[in-house]
Amino acid sequence: MRIDSILKERRTLSFEVFPPKQEHDEDLSGIRGTLAALTAESPDFVSVTYGAGGHNRPRALEIAEIVLSLKMTPLSHLTAVGYTKEDTERVTRALAGMGVENLLALRGDVPADMNFPQDPWIDFRYALDLVNFLSPKDFCLGGAAYPEQHVESGSPERDVEVMLDKERAGVSFFITQLFFDNEFFFRFRDRCRAAGVQSPIIAGIMPVFRAQQIQRIVEISSCSVPVQLNAILAHYADEPASMEDAGTDYAASQIAELWRRGVDGVHLYTMNKSRQVLDIVARSGLRKKRFPLSPRQGQETSSQETSPQ
Ligand code: FAD
């Protein structure tokens, strides 16, 4: 099913998985088990990432196929960096042939440890170029958004202009970079709506289960870590079970507040962990709130409410 059609009917809960390393899950039975467990929450869609550079892109295709075989809707990430129009044509033809209807069109980054034999920006320089290339084809397209500003963008306003360009070119929903402080999201959403962005903006939430994770998360996302989360990380640094429990609670309360304040959708970065993710959804109270299905209307968009966190 197309995600834009789903979003016309209701607010969404979705999950993101990534292709596990070959040596950890050669035949993909591990990720198949994870995905089968995640069906318990009837996610509206499941997105499948891969690292820019693309060495695990074939496995991402296989995982999209598993998502479909489990009767869920896949959203395949597609990056621009390093690819030609011909490569992209080949992959999109394969995806369409499998029955994938949704693509998240991304620029990608040049991996620090990778030497491209030539200019990595071959046919596409920005995500927008990829969107323009893909739009005439029959896919529902999503784009990335950054509540705390993309590292290379000159200003928060510039980020919103880029979103408007993507929307005009055919993007019909956005998924945000992870954030740990909901106020960044609410202020960002207000800015987008004031500037005229009309597409649903789905909030990306990444749980922190291990104190050691945080440095890497900040490195890849440039997100800020609020005082309260820092205190949890410091307090439970040497107590893995308590850290997982506190991290689960933190993500659950972020989600509960986002839902209460009318978010269009919540996208959970699962890190391929089903038990912990199902626990977060249960603690957030979302199951009760999602069914019967919640229409996207009558949203409270005030940024003035106080956070329960
Ligand atoms: P763009 O929209 O092209 O923006 C990149 C930068 O260029 C921004 O600073 C923007 O302001 C600027 N810009 C855009 N257009 C122009 C223009 N015309 N002129 C000048 N400047 C411009 N990476 C992966 O490798 N694989 C994944 O699976 C993946 N999944 C992701 C999922 C989500 C939800 C998000 C938020 C990110 C994901 N990423 C992934 C990371 C993403 O590739 C990086 O954040 C990348 O740096 C930017 O991608 P983008 O699509 O936002 O790029």
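Analyst: Contact here means heavy atoms within 4.5 Å. This is a predicted model, in which local features need pLDDT of at least 70 and side-chain atom pairs count only at pLDDT 80 or more, while totals for chains, interfaces and linings use all residues. Residues are numbered from 1 along each chain as its sequence is written, and side-chain values use heavy atoms, with hydrogens and water left out.

Let's begin with Thr270. It lies in the loop that runs from strand E8 (265-269) to helix H11 (274-284); helices (H or I, at least four residues) and strands (E, at least two) are DSSP runs numbered from the N terminus. Is Thr270 buried or exposed? Thr270 counts as buried, because its relative accessibility is 0% (buried is under 20% relative accessible area, exposed over 50%, partly exposed in between, with a 1.4 Å probe and protein chains only). Its partners, once neighbours within four places in sequence are set aside, are Phe15, Glu16, Val17, Leu38 and Val277.

Now to the loop between strand E1 (12-17) and helix H2 (29-38), where Pro19 sits. Pro19 is buried, at a relative accessible area of 6%. Beyond its neighbours within four places in sequence, Pro19 makes contact with Thr49, Tyr50, Asn56, Arg59, Ala60 and Ile63. For a sense of scale, Pro19 and Ala105 have 86 residues of sequence separation and lie 18 Å apart in space, C-alpha to C-alpha.

Leu28 belongs to the loop between E1 and H2. Its phi is positive, about 65 degrees, although Leu28 is not a glycine. Leu28 is buried too, with a relative accessible area of 2%. Another non-glycine residue with a positive phi is Ser42, where the value is near 45 degrees. You will find Ser42 in the loop between H2 and strand E2 (45-48). With a relative accessibility of 41%, Ser42 counts as partly exposed.

Despite its charged side chain, Arg10 counts as buried, at 13% relative accessibility. Its C-alpha atom is separated by 18 Å from that of Thr39, which is 29 residues away along the chain.

Finally, the helix pairs. Axes are lines fitted to C-alpha atoms, for helices over the stretch in contact, and angles between N-to-C directions run from 0 to 180 degrees. Under 35 degrees counts as roughly parallel, over 145 as roughly antiparallel, 65 to 115 as roughly perpendicular and the rest as oblique.

Helix H3 (residues 57-69) and helix H4 (residues 85-98) have axes that come within 10 Å and cross at roughly 20 degrees, which makes H3 roughly parallel to H4. From H3, the contact uses Arg57, Leu61, Ala64, Glu65 and Leu68, and from H4 it uses Asp87, Val91, Ala94, Leu95 and Met98. By class, the residues of this contact are seven nonpolar, no polar and three charged (Ala, Val, Leu, Ile, Met, Phe, Trp, Tyr, Cys and Pro are nonpolar, Asp, Glu, Lys and Arg charged, the others, Gly among them, polar).

Helix H5 (residues 127-134) and H6 have axes that come within 9 Å and cross at roughly 10 degrees, so they are roughly parallel. Here Ala127, Leu128, Val131 and Asn132 of H5 meet Asp165, Lys166 and Ala169 of H6, a contact with four nonpolar, one polar and two charged residues.

H6 (residues 156-169) also packs with helix H7 (residues 182-195), at an angle of about 55 degrees with the axes 10 Å apart; H6 and H7 are therefore oblique to each other. H6 supplies Pro156, Val160, Met163 and Leu164, which meet Phe188, Arg191, Cys192 and Ala195 of H7. That contact consists of seven nonpolar, no polar and one charged residues.
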